[in-house]
Amino acid sequence: MSQTVIRKEQLELTTFANITAANIYVTDGVIFDTEYDNGNSGTAFTVDWTNGNKQKTTLTATTTATFTAPTGVGNFLLKVAQLSGSDLITWPANVLWPSGTAPTLTTTASAIDIVTFYYDNVDYYGVASLDFQ
């Protein structure tokens, strides 16, 4: 079996690219240089995961979220910021939570919650880390 090693100094992907290989090994980690900003939520907002694995939104009202699926299996993160507080999210039906219960987001003004998802091409498995201060 032959193996080609590409050092991080040799590789820079500045546009979306498809890389076809039997195995890709990452030894130094993957760094995301942008966080896509979905802006203010309003009463409904869409997270389009093709815009990136790391995204954020600011809650300006109790809202319903819609997800646009990514192009494949992956891990995704949504940073949720409260503007004035007390706003909640109704999640898409294909988001599954531990014990079947969606988290109650932090409802104080300026609160930050991080919600992570594993997507398996069908469902999102969500976990929330709440009340970053």
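Six bridges join strand E3 (residues 54-59) to strand E5 (residues 74-82), and the two strands run parallel. Strands here are DSSP runs of at least two residues and helices (H or I) are runs of at least four, both numbered from the N terminus; two strands pair if DSSP finds at least two bridges between them. Within this pairing, Thr58 stands opposite Ala81 in E5.

The model is predicted, so that local features need pLDDT of at least 70 and side-chain atom pairs count only at pLDDT 80 or more, while totals for chains, interfaces and linings use all residues. Residues are numbered from 1 along each chain as its sequence is written, and side-chain values use heavy atoms, with hydrogens and water left out.

**Overall architecture**

The protein chain has nine strands and zero helices, which gives the pattern β-β-β-β-β-β-β-β-β along the sequence. Of its 133 residues, 30% are buried, where buried means under 20% relative accessible area, exposed means over 50%, and partly exposed lies in between (1.4 Å probe, protein chains only). The accessible surface of the protein chain comes to about 8,900 Å², and carbon and sulfur atoms hold 51% of that surface. Accessible areas come from the Shrake-Rupley method with a 1.4 Å probe; for residues, only the protein chains shown count as cover. Among the contacts in the protein chain with a separation of 6 or more, 48% involve residues 24 or more positions apart, a contact being heavy atoms within 4.5 Å.

Strands E3 and E5 belong to an open sheet of six strands with the order E1-E3-E5-E8-E9-E7 and mixed pairing. Strand E1 (36-40) and E7 stand at its edges with a single partner strand each, so one side of each has no neighbour in the sheet.

A further open sheet is formed by three strands in the order E2-E4-E6, with parallel pairing. Its edge strands are strand E2 (44-48) and E6, each of which pairs on one side only. Strand E4 (residues 63-68) runs parallel to E6 and is joined to E6 by two bridges; in E6, Thr90 is the bridge partner of Thr64. In general, strands of a sheet pair through backbone hydrogen bonds, either parallel or antiparallel.

**Gln55 in strand E3**

Gln55 lies in strand E3 and is buried, with a relative accessible area of 0%. The Gln55 side chain reaches two backbone oxygens: that of Asp48 at 2.8 Å and that of Gly52 at 2.9 Å. Both are polar contacts, defined as a pair of N or O atoms within 3.5 Å; within protein, one atom must be able to donate a hydrogen and the other to accept it, and residues adjacent in sequence count only if both atoms are side-chain atoms. Leaving aside neighbours within four places in sequence, Gln55 is in contact with residues including Glu35, Tyr36, Trp49, Leu77 and Lys79.

The structure holds two salt bridges, each a side-chain nitrogen of Lys or Arg within 4 Å of a carboxyl oxygen of Asp or Glu. They are listed below.

| Salt bridge | N to O distance |
|---|---|
| Glu35 and Lys56 | 3.5 Å |
| Lys79 and Glu35 | 3.7 Å |

Salt bridges that share partners join Glu35, Lys56 and Lys79 into one network. In the pair with the distance of 3.5 Å, Glu35 lies in the segment before E1 and Lys56 in strand E3, so this pair ties together parts 21 residues apart in sequence. In the pair at 3.7 Å, Lys79 lies in strand E5 and Glu35 in the segment before E1, so that pair ties together parts 44 residues apart in sequence. Glu35 is partly exposed, with a relative accessible area of 32%; Lys56 is partly exposed at 27%, and Lys79 is partly exposed at 26%.

Gly85 is found in the loop between E5 and strand E6 (89-90) and is buried, with a relative accessible area of 5%. Not counting residues up to four places away in sequence, Gly85 touches Thr107, Thr108 and Ala109. The C-alpha atoms of Gly85 and Thr106 are separated by 7.9 Å, although these residues are 21 residues apart along the chain.

On the surface, Val73, Leu96, Tyr118 and Tyr125 form a nonpolar patch with about 350 Å² of accessible area together. Patches are made of residues with over 30% relative accessible area and no salt bridge; like charges are joined within 9 Å, and nonpolar side chains (Val, Leu, Ile, Met, Phe, Trp, Tyr) within 5 Å. Leu96 is found in strand E7 (residues 95-96) and, at 35% relative accessibility, counts as partly exposed.
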